[in-house]
Amino acid sequence: MDAILLQVLNGLDKGSAYALIALGLTLIFGTLGVVNFAHGALFMIGSFCTVTFNNLLSFERVTLSETELSPWGTPLEIHVPYVELWFGELGATMIDYSVFWSILFAIPVMLLIGIVMERGLIKHFYKRPHADQILVTFGLAIVLQEVIKTVYGANPIPQPAPDAFVGSVDIGAMIGMADNAVIYPIWRLVYFLFAGVVIGGIFAFLRYTTFGMVVRAGMADRETVGLLGIDIDKRFTAMFGLAAVVTGLAGVMYTPILSPNYHMGMDFLVLCFVVVVVGGMGSLTGAVAAGFLLGILQSFASMPEVKDFLFGFSIDQVIIYLVAVIILLTRPRGLMGRKGVMET
Amino acid sequence: MLKTLRTNDTALMILFTLVVLAGPLILAPVGAGYPDLMQRFVIYGIFAIGFNILFGLTGYLSFGHAAFLGVGSYSALWMLKLLSINIVPAIIFAVVVSGLFALLIGFVSLRRSGIYFSILTLAFAQMSYNLAYSVLTPITNGETGLQLDLEDPRILDSAGSAGQVASPSFFGLEMGDTAVVPFLGMDLQFNVGFYVSALILIGMFYLSLRIFRSPFGMILRAVKSNQTRLNYTGFNSRPYTLTAFVISGMYAGLAGALLVCMDPLAGAERMQWTASGEVVLMTIMGGAGTLIGPVLGAGIIKYFENIFSRINDEVVLGWFSALPDWLAEAFTTVISPFLGSGWHISLGLIFMLVVIFLPGGLVEGANRLMNLFTRLSGPRKNTASEEDAYADKGSLPTKAAPSSTVVNTKES
Amino acid sequence: MSILKVKGVNKRFGGLLALDDVNLSVRENTFHAIIGPNGAGKSTLLNCFIGKLMPDSGTVSFNDRSLLGLEPHEINQTGISRVFQTPEVFSELSILENVMIPAFAHRDGAFHISPFKSLAKETAIREQAEKILQDVGLIDERHHTASAMSRGNKRRLEMAMCLVQQPKLLLLDEPTAGMARADTNNTIDLLKTINEAHNITFVVIEHDMHVVFSLADRISVLSQGHVIVEDHPENIKGHPKVQEAYLGTAESE
């Protein structure tokens with residue numbers, strides 16, 4: 001029982017990331033009908049927003065100490081971040097909580113990137129074949145990835161979680177199980193809650209606002225909505241921006257779990273395409289459900305018991321693809337796919 | 001054998017053969033006359049030709065062709081290890097194995113089309129890659145990669161080389177052997193491996209030409225154009241696409257086998273999806289659906305990858321040495337991120353530009369230039385010339401200049 | 001004798017009974033039209049012929065062979081060719097190639113692979129295709145790509161694609177839908193010529209009464225999923241049940 005709970009929990013953080021990225025991906029091709037291979041890059045850029053913001057916060061004033069000497073006999077350099085200099089304790093707390101602050105930084109940045117991407121490139125590909133959309137966004141993904149690599153280098157850049165969230169909680173003990181049976185890192189719990197809030201927010205937004213209603217109508221039947229005299233294009237641009245923000249934030253908050261590196265976007269993209277296909281192209285609920293499902297499944301597949309059962313073969317790396325293949329063959333439209341989406 | 005072809009195709013074939021065989025002579029002046037690089041031109045050319053038979057003709061965009069390349073590499077290397085250091089059985093085995101593998105994956109993937117097909121092939125390739133890294137380590141040697149070994153059994157010829165790791169050969173001709181001939185102040189390098197691959201490339205190009213000009217090729221183009229209509233026309237399109245898929249998988253396996261024959265080391269990263277992406281880039285860049293385009297694309301990408309990635313800041317600074325220092329430095333700052341290790345940025349940008357403005361690739365670009373040139377130089381014609389252009393697109397032999405895209409660009 | 005037999009076909013979509021015990025028999029070498037007001041179930045019936053829909057009950061047989069559950073290419077191989085509502089051709093291929101493809105399907109069957117055979121050597125097929133193109137008047141532009149054709153010419157090309165297969169039955173789904181009057185008349189003339197020159201059975205689903213009465217030897221009238229009358233055109237014109245079916249819907253519209 002506790003082992004199962006542990007695996008479910010372990011699957012949740014990856015699952016949350018899959019769900020968020022897949023949600024963004026589905027928003028884009030549910031509304032715009034565009035298959036976006038550069039979507040993983042948005043996730044990656046999001047996590048580099050954290051790196052950038054952290055770097056900005058950590059700009060230091062370097063002074064030479066008048067009294068102390070370094071081991072080499074030169075005056076000791078004292079590094080003090082400007083933020084700390086200006087705001088004192090508050091500044092130090094800001095640096096500590098930079099991951100959260102990065103969210104505020106990332107929202108406008110991602111929104112801008114999303115809008116520029118849609119207006120500048122994607123817009124011209126609405127009427128082109130899906131193959132062309134895949135190809136051009138694939139090219140864009142390469143460019144974005146390599147630009148990040150040039151600017152930030154090829155090595156992962158670890159980002160700490162705020163001090164208060166470092167460490168683990170004993171979830172087992174909380175719900176009345178044996179002590180130390182189910183121990184879970186706090187930040188992963190935070191990530192899961194964060195993902196829940198964002199996903200809930202998006203669904204509420206689509207359900208309860210006029211904007212969301214129009215977009216949902218547009219997803220179902222774009223032409224008719226256009227005929228009603230509603231300028232669907234502007235809303236779709238906004239939708240692309242929103243999808244970019246969602247995906248970017250998924251990246252921002254993921255940094256303490258996975259140190260940002262330039263190829264993380266591609267790694268996640270392939271998996272998230274699979275997630276979307278399993279969930280059913282164009283279905284938002286499907287994308288979210290499949291994201292969590294596959295995350296948890298992956299975590300179960302990595303259990304030593306499973307490995308023993310399969311004569312020592314570890315299948316956690318391939319389980320997702322295997323499931324995707326089986327689902328696509330038995331339920332061609334995915335778990336919750338609608339008829340006629342992307343079938344030509 | 002060439003009798004079956006039309007005159008223009010024969011000319012194309014002869015020209016292609018000459019250009020490929022003269023490789024060392026042509027490539028040495030542009031700084032690409034190394035055996036290693038020339039071998040890569042040729043091998044990736046084969047890979048791209050095969051990919052084009054699937055994507056160019058049927059329009060099915062596979063994002064997993066690197067899996068076949070990898071399978072070809074591993075199976076060829078095992079043959080070199082177990083049976084003989086001669087490359088012939090290795091290549092044959094690799095082509096057969098990758099063909100069977102393609103049959104399996106194609107059978108499953110081709111049940112869906114469009115974006116689903118792309119994702120299915122991508123998923124299969126990633127699965128193969130992950131398997132090669134983890135579960136299949138006994139076969140693939142995981143992260144280290146598989147290579148030749150002193151202890152290899154080599155049933156047929158283990159006695160031949162004692163004490164040192166053998167190198168692959170074609171009945172005694174070692175792939176690594178190179179004859180260096182001084183010519184006009186250059187060192188021309190005539191390499192066995194290059195010529196073996198080049199002969200295979202020429203054969204494979206001829207094969208693809210025959211496929212393009214066969215009823216089978218026409219039916220594949222009809223799949224791309226309107227698959228539903230084709231089915232109502234009385235054709236069962238799935239076995240046709242599956243055949244194309246398997247053929248192109250075998251081309252990829254052949255390329256993979258040649259890679260290890262030239263350099264007997266096979267790593268799993270060869271199967272990664274970025275490698276699948278590369279062959280897509282090559283084919284599109286050169287011109288999908290044209291005969292010569294994929295080879296052209298493969299050559300250009302491999303060439304610039306080699307040349308561009310060697311250029312560093314100092315070299316760039318050297319270009320602008322005539323300018324005032326501050327200007328030279330400014331230029332260098334602007335340009336250098338796109339060169340050297342940043343070559344992939346340029347590659348991505350160029351690729352995007354090609355997809356946006358020149359979906360037919362460089363071959364289409366060359367055609368457009370050619371048309372522009374004829375229009376500028378010749379007298380103004382009325383709309384009839386446009387109709388001629390349509391006529392030239394048909395690939396049936398009744399017109400003087402059939403299938404323009406291919407023939408017109410033979411110069412490149 | 002009848003070539004296409006439809007017996008007791010029912011098809012229900014949710015609560016809607018689209019086809020209600022449809023019985024139909026098409027005699028060989030006739031031009032048989034199926035007409036009826038909007039929503040009468042004409043398209044549903046056609047989709048049952050071509051394997052797109054599976055009826056809930058009943059049989060559809062062609063030359064005593066059941067068509068139900070067959071794939072599109074299998075249906076074609078039994079000798080049924082089909083013309084689409086909007087002309088469907090291979091736009092990127094030349095007009096000649098468009099006609100050669102069905103000719104190959106007719107000669108070689110649904111799957112016949114000879115990857116290295118040269119197209120240039122298939123002179124018999126090419127001559128066959130060129131002859132048909134001559135008949136439909138497209139021979140001069142045979143090397144143009146099909147994408148640049150007018151709609152009327154695309155219809156001609158589609159006819160050529162069907163005729164080259166020497167089908168026993170030609171299914172036409174509203175062949176003049178969305179056409180201008182002149183194009184419609186051209187199509188009627190084309191169909192008349194074909195009808196006179198070839199021994200083909202035609203089944204046409206049509207809206208346009210002008211087209212139907214110019215061509216058909218026999219008409220079935222479908223209303224609310226049911227065949228109400230099947231007779232010669234002259235008997236159909238004044239038939240009270242037909243007037244009722246059409247006027248009834250006209251009033252409700």
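Chain C puts 36 residues into its contact with chain B, and chain B puts in 33. Two residues are in contact here if their C-beta atoms, placed from the backbone, lie within 7 Å. The model is predicted: local features need pLDDT of at least 70, side-chain atom pairs count only at pLDDT 80 or more, and totals for chains, interfaces and linings use all residues. Residues are numbered from 1 along each chain as its sequence is written, while chains are lettered from A and ligands numbered from 1 in the order in which they are written.

**Interfaces**

On the side of chain C that touches chain B, helix H2 (72–77) and helix H3 (95–108) of chain C each supply at least two residues. Helices (H or I, at least four residues) and strands (E, at least two) are DSSP runs, numbered from the N terminus. H3(C) gives the most to this side, with seven residues.

Chain A meets chain B as well. There, 33 residues of chain A are in contact with 34 residues of chain B. Three elements of chain A give two or more residues each to its side: helix H6 (130–152), helix H12 (264–279) and helix H15 (319–330). H6(A) gives the most, with 14 residues.

Ala, Val, Leu, Ile, Met, Phe, Trp, Tyr, Cys and Pro count as nonpolar, Asp, Glu, Lys and Arg as charged, and the others, Gly among them, as polar.

Two pairs of chains touch, and the pair B and C has the most contacts. Chains A and C do not touch; their nearest C-alpha atoms are 14 Å apart.

**Val274(A)**

Val274(A) lies in helix H12 of chain A. Val274(A) is buried, with 27 other C-beta atoms within 10 Å. A residue is buried if 20 or more other C-beta atoms lie within 10 Å of its own, exposed if 12 or fewer, and partly exposed in between, with C-beta atoms placed from the backbone. Leaving out residues up to four places away in sequence, Val274(A) touches Ile320(A), Tyr321(A), Ala324(A), Ile119(B) and Ala123(B). Asn10(A) sits 264 residues from Val274(A) along the chain, and their C-alpha atoms are separated by 20 Å.

**Chain B and its helix H11**

Chain B has 18 helices and six strands. Of its 412 residues, 52% count as buried. Among the contacts in chain B with a separation of 6 or more, 74% come from residues 24 or more positions apart.

Helix H11 of chain B covers residues 273–286. The expected span of a helix is 1.5 Å times one less than its number of residues. For the 14 residues of H11(B) that should be 20 Å, and the end C-alpha atoms are 20 Å apart, which agrees. H11(B) is mostly covered, with 12 of its 14 residues buried. Among the buried ones are Trp273(B), Glu278(B), Leu281(B) and Met285(B). Gly287(B) follows H11(B) and has a positive phi, near 135°.

**Helix packing in chain C**

Two packed helices are described by the angle between their axes and the distance between the axes. The axes of H3(C) and helix H4 (residues 123–136) of chain C come within 9 Å and cross at roughly 120°. That makes H3(C) oblique to H4(C). Axes are lines fitted to C-alpha atoms, for helices over the stretch in contact, and angles run from 0 to 180 degrees between N-to-C directions. Angles under 35 degrees count as roughly parallel, over 145 as roughly antiparallel, 65 to 115 as roughly perpendicular and the rest as oblique.

The crossing of H3(C) and H4(C) is right-handed. A crossing is left-handed if the near helix is turned anticlockwise from the far one by less than a right angle, and right-handed if clockwise. From H3(C), the contact includes Ile95(C), Val99(C), Phe104(C) and Arg107(C); from H4(C), it includes Ile125(C), Arg126(C), Gln128(C) and Leu133(C). By class, the contact residues of the two helices are 10 nonpolar, one polar and two charged.

**Positive phi in chain C**

Most residues other than glycine have a negative phi. Asp21(C) has a positive phi near 50°. Asp21(C) lies in strand E2 (residues 16–27) of chain C, and counts as partly exposed with 14 C-beta neighbours inside 10 Å. Gln166(C) also is not a glycine, and its phi is positive, about 45°. Gln166(C) is found in the loop between helix H5 (151–163) and strand E7 (169–173) of chain C. With 15 C-beta neighbours inside 10 Å, Gln166(C) counts as partly exposed.
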